[in-house]
Amino acid sequence: MEEIMTDKQYDGILQMIGMILDGCKDLEEAKIKIEALREGKKDN
(Lines give C-alpha, C1' and ligand atoms only; values in the text may rest on other atoms or scores of the structure.)
Protein backbone atom coordinates (compact mmCIF):
# COMPACT_ATOMS: atom_id res chain seq x y z
CA MET A 1 0.00 0.00 0.00
CA GLU A 2 1.38 3.37 -0.99
CA GLU A 3 1.20 6.23 1.48
CA ILE A 4 0.57 9.70 0.12
CA MET A 5 1.60 12.72 2.17
CA THR A 6 -0.87 15.55 2.29
CA ASP A 7 0.17 19.19 1.92
CA LYS A 8 -0.66 19.72 5.59
CA GLN A 9 1.60 16.85 6.69
CA TYR A 10 4.41 18.10 4.45
CA ASP A 11 4.07 21.62 5.87
CA GLY A 12 4.15 20.22 9.41
CA ILE A 13 7.38 18.35 8.71
CA LEU A 14 9.00 21.46 7.26
CA GLN A 15 7.93 23.48 10.32
CA MET A 16 9.51 20.89 12.62
CA ILE A 17 12.75 20.98 10.61
CA GLY A 18 12.72 24.77 10.87
CA MET A 19 12.36 24.58 14.66
CA ILE A 20 15.26 22.13 14.89
CA LEU A 21 17.47 24.34 12.74
CA ASP A 22 16.59 27.45 14.78
CA GLY A 23 18.11 25.83 17.85
CA CYS A 24 21.35 24.74 16.18
CA LYS A 25 24.66 26.55 15.93
CA ASP A 26 25.81 24.65 12.85
CA LEU A 27 24.94 21.94 10.36
CA GLU A 28 26.63 19.17 12.35
CA GLU A 29 24.49 19.91 15.41
CA ALA A 30 21.37 19.83 13.25
CA LYS A 31 22.37 16.46 11.76
CA ILE A 32 22.93 15.02 15.24
CA LYS A 33 19.53 16.23 16.48
CA ILE A 34 17.70 14.88 13.43
CA GLU A 35 19.46 11.51 13.70
CA ALA A 36 18.51 11.32 17.40
CA LEU A 37 14.86 11.93 16.48
CA ARG A 38 15.03 9.21 13.80
CA GLU A 39 16.54 6.73 16.27
CA GLY A 40 13.83 7.53 18.80
CA LYS A 41 11.17 6.84 16.17
CA LYS A 42 12.70 3.43 15.35
CA ASP A 43 12.47 2.40 19.02
CA ASN A 44 8.68 2.93 19.14
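Reply: Start at Y10, which sits in helix α1. Here a helix is a DSSP run of H or I with at least four residues, a strand is a run of E with at least two, and both are numbered from the N terminus. Y10 counts as partly exposed because its relative accessibility is 48%. The cut-offs are these: buried is under 20% relative accessible area, exposed is over 50%, and partly exposed lies in between, with a 1.4 Å probe and protein chains only.

A word on the model. It is predicted, with local features needing pLDDT of at least 70 and side-chain atom pairs pLDDT 80 or more, while totals for chains, interfaces and linings use all residues. Residues are numbered from 1 along each chain as its sequence is written, and side-chain values use heavy atoms, leaving out hydrogens and water.

Now the surface around Y10. Y10 belongs to a nonpolar surface patch of about 770 Å². Patch residues have over 30% relative accessible area and no salt bridge; nonpolar side chains (Val, Leu, Ile, Met, Phe, Trp, Tyr) are joined within 5 Å, like charges within 9 Å. Areas come from the Shrake-Rupley method with a 1.4 Å probe; for residues, only the protein chains shown count as cover.

Three of these names lead on to the largest pocket. I13, M16 and I17 line that pocket, along with I20, I34 and L37. The pocket holds about 190 Å³ of space. Helix α1 (7-22) and helix α2 (27-43) each supply at least two lining residues. Helix α1 gives the most, with 4. The lining has 6 nonpolar residues, no polar ones and no charged ones. Nonpolar covers Ala, Val, Leu, Ile, Met, Phe, Trp, Tyr, Cys and Pro; charged covers Asp, Glu, Lys and Arg; the others, including Gly, are polar.

How is a pocket found? Rolling a probe the size of a water molecule over the atoms shows where empty space is left. On a 1 Å grid over the protein atoms alone, a pocket is an open set of points with protein on both sides within 12 Å along at least five of seven lines; a cavity is a set where a 1.4 Å probe fits but cannot get out; lining residues have an atom within 4 Å of a point. Points are joined across faces, edges and corners, and the volume is the space filled by probe spheres set on them.

Next, the charged pairs. The whole structure has 4 salt bridges, each a side-chain nitrogen of Lys or Arg within 4 Å of a carboxyl oxygen of Asp or Glu. K25 pairs with E29, their closest N and O atoms 3.9 Å apart. K25 is exposed, because its relative accessibility is 77%. K25, E29 and K33 are linked in a network of salt bridges.

E28 and K31 meet at 3.7 Å, N to O. They lie 3 residues apart in helix α2, about one turn. E28 is partly exposed at 48%, and K31 is partly exposed at 46%. E35 and R38 meet at 3.6 Å, N to O. About one helical turn separates them, because they are 3 residues apart in helix α2. E35 is partly exposed at 35%, and R38 at 47%.

Finally, step back. The protein chain has 2 helices and 0 strands. Of its 44 residues, 9% count as buried.
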